Amino acid sequence: MDALSRAGPRPRRAAAAASPLPWGRFAAWIDCVCVVTFDLELGQAMELVYPHDFRLTEKEKTSICYLSFPDSYSGGLGDTQFSFRLRQAGASRPCPFQDDGRYNREAPLTLQREAAHYFGYVYFRQVKDSSMRRGYFQKSLVLVSRLPYVNLFQCLLQLIAPEYFDKLEPCLEAVCNEIDQWPPPVPGQTLNLPVMGVVIQVRIPSRVDKPGSSPVKQCNQENLLPAPLVLPSVHELDLFRCFQPVLIHIQMLWELMLLGEPMVVMAPSPSVSSEMVLALTSCLAPLRYCCDFRPYFTIHDSEFKEYTTRTQAPPNIVVGVTNPFFIKTLQHWPHILRVGELRMAGDLPKQVKVKKLAKLKTLDTKPGIYTSYKTFLHKDKTLIKRLLKGIQRKRPSEVQSALLRRHLLELTQSFIIPLEHYMASLMPLQRAITPWKNPPQIRPFCQEDFMKSLEHAGPQLTCVLKGDWLGLYRRFFKSPNFDGWFRQRHREMSQKLEALHLEAICEADIVAWMKDKSEVEIVDLVLKLREKLVRARCQHLPVKEETLQRVSLYIDTIIGSLPEDLQAVLHHP
């Protein structure tokens with residue numbers, strides 16, 4: 001299908017055919033759109049949820065209301081954009097968009113659709129308005145989605161929010177109807193998404209993309225009028241801009257994220273707070289950050305007590321805050337990053353210093369990393385020199401960001417490749433897989449054996465950084481990120497074993513096997529093969545369709561060899 005036919009408006013019947021449920025295509029991208037306003041008597045209040053039949057719980061509505069407005073009054077007028085993430089309250093609800101889990105199977109782990117959390121992408125406007133009792137117009141337009149596409153949704157808000165604030169609900173309804181015509185996000189595809197007379201062109205990343213490869217540039221544009229607005233990435237932030245005050249500490253921050261350490265980001269605004277938290281959690285890619293994170297968090301949040309209690313250790317979470325009150329309530333957290341406004345200057349911005357937690361004073365706290373953490377690895381001075389040279393040569397921010405992202409990617413890969421190699425060695429040999437026995441088990445992960453393997457196959461093969469790599473691995477084993485990585489790899493390996501077992505069955509001589517078997521054994525085989533077939537289809541095992549069809553034929557062959565009464569029973573389970 002060419003770009004034009006994918007981008008052009010489609011008749012409602014075509015949309016309905018592709019997604020039989022109302023708002024099915026819309027829900028592939030966005031769960032709902034909320035409008036939050038300031039009411040003199042109620043404070044923040046939910047003015048509108050669209051589609052109207054989307055059901056948010058009262059707890060979710062309250063959280064969205066508080067998270068959609070800046071927490072501390074800065075006196076700033078104008079428009080602000082930021083994002084938040086909140087836990088879904090109540091039971092999971094059916095989604096009109098049904099893709100049988102295909103998106104999550106094909107998307108990178110870092111971009112999977114969230115199962116238990118919502119992202120909120122906010123466009124907040126505060127302007128003087130004499131017609132309002134308070135003298136100000138204060139309103140937020142919020143896109144609520146399970147997809148972590150911060151660039152795409154913030155770009156979408158820049159197009160629709162100013163128009164909405166002028167024309168209100170009819171405009172919003174028209175935009176939602178346009179989004180309901182969009183094709184679903186399919187990993188690996190470049191899509192043209194028309195909205196309000198503009199075509200946004202994006203490529204949805206895929207799990208098979210080479211990590212660190214450049215996103216596909218503009219394509220199929222010659223047929224598109226007007227020329228599309230090309231987004232280089234649906235999710236990647238300007239890392240150089242986000243990390244500019246902490247560039248010399250990037251090694252420390254990477255380690256803290258890798259180990260899933262609790263961290264507070266204290267920022268002057270929700271924009272800075274949410275960008276810094278999202279930048280921090282993305283710096284482990286392609287490794288998934290498996291801990292909780294809140295790009296923007298307020299004192300009204302339902303988890304406030306859980307995070308501020310001193311009766312237990314802080315949870316494994318990165319939380320972004322703006323209210324100075326948090327300096328007092330989160331003083332007991334082990335790592336606190338205090339940053340000022342992000343400004344792109346001609347020189348290297350003033351770098352924050354690492355300070356002792358005891359120096360954390362209330363309210364007038366200066367920017368800095370307040371921690372007693374000692375890094376396992378030595379600082380990479382080469383990276384800082386390259387970035388400094390880039391500043392002197394006025395290198396564009398996106399080029400500096402690419403340098404930084406490449407450095408973090410290589411660091412993560414150097415750390416994770418030895419783990420991948422060791423994990424692969426735990427897989428049973430293919431010759432040990434025989435058709436008529438259950439597949440052999442994956443051998444258990446032994447930390448000490450892994451540590452011994454590092455002598456000849458450690459990160460020193462791919463990374464020049466010196467330091468206590470062994471100590472870093474030992475600490476990593478205790479983190480949720482190791483647990484998440486191990487579970488994912490073990491699940492993939494188990495599925496591969498199942499697939500190899502099915503292939504072994506297909507290559508076996510089933511008639512020869514049946515010759516000396518009793519009816520009970522043959523019926524047992526039929527039931528087991530059927531169970532395997534169901535599991536292969538339900539779990540989408542990495543098996544060719546022809547293999548599954550051959551197993552089906554085997555089942556029919558086996559049943560055909562049995563007496564008619566047994567055949568009747570097995571044909572009608």
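Predicted model: local features only at pLDDT ≥ 70, side-chain atom pairs only at ≥ 80, totals over all residues.
Glu275 and Arg241 form a salt bridge, and their closest N and O atoms are 2.4 Å apart. This pair links distant parts of the chain, since Glu275 belongs to helix 10 and Arg241 to helix 8 (residues 239–243), 34 residues apart.

Another salt bridge joins the side chains of Glu261 and Arg475, at 3.3 Å from N to O. Because Glu261 lies in the loop between helix 9 (250–258) and strand 9 (263–266) and Arg475 lies in helix 16 (residues 469–476), the pair ties together parts that are 214 residues apart in sequence. Are the two partners buried or partly exposed? Glu261 is buried, with a relative accessible area of 14%, whereas Arg475 counts as partly exposed at 32%. Salt bridges can also be linked to one another, and here Arg85, Arg87, Glu114, Asp292, Arg294 and Glu303 are linked in such a network.

Asp292, a member of that network, also leads us to the strands, because strands of a sheet pair through backbone hydrogen bonds, either parallel or antiparallel. The bridge partner of Asp292 in strand 11 is Ile317, and strand 10 pairs with strand 11 in the parallel sense over three bridges. Strand 11 is also joined to strand 9 by four bridges, and these two strands run parallel as well; in this pairing, Val264 stands opposite Val319 of strand 11.

A separate description applies to an open sheet of three strands, whose order is 6-7-8 and whose pairing is mixed. Its edge strands are strand 6 (190–195) and strand 8 (229–230), each of which pairs on one side only. Strand 6 and strand 7 (residues 198–203) run antiparallel and are joined by six bridges, and Leu193 has Ile200 of strand 7 as its bridge partner. Helix 6 lies across strand 6, strand 7 and strand 8, and runs at about 175° to strand 7.

We can look next at a single residue within a helix. Arg489 is placed in helix 17 (residues 480–507), and at 18% relative accessibility it counts as buried, because the cut-off for that word is under 20%. When residues up to four places away in sequence are not counted, Arg489 touches Glu420 and Met423.

Finally, some details of the backbone deserve attention, beginning with the cis peptide bonds. The bond from Tyr50 to Pro51 is cis, with omega near 0°, and Pro51 lies in the loop between strand 2 (43–50) and helix 4 (58–67). The bond from Ala285 to Pro286 is also cis, with omega near 10°, and Pro286 is found in the loop between helix 10 (270–282) and strand 10 (292–294).

Which residues other than glycine have a positive phi? One of them is Lys394, whose phi is about 55°, and which is found in the loop between helix 13 (381–392) and helix 14 (397–425). Lys394 counts as exposed, at 73% relative accessibility. Another is His540, with phi near 50°, placed in the loop between helix 19 (519–538) and helix 20 (545–560); His540 is partly exposed, with a relative accessible area of 28%.

Terms used. Residues numbered from 1 in each chain as written. Heavy atoms only, no water. Buried < 20%, exposed > 50% of the residue type's maximum accessible area, 1.4 Å probe, protein only. Salt bridge = Lys/Arg side-chain N within 4 Å of Asp/Glu carboxyl O. Pairing = 2+ DSSP bridges. Contact = heavy atoms within 4.5 Å. Axes fitted to C-alpha atoms, helices over the stretch in contact; angles between N-to-C directions.
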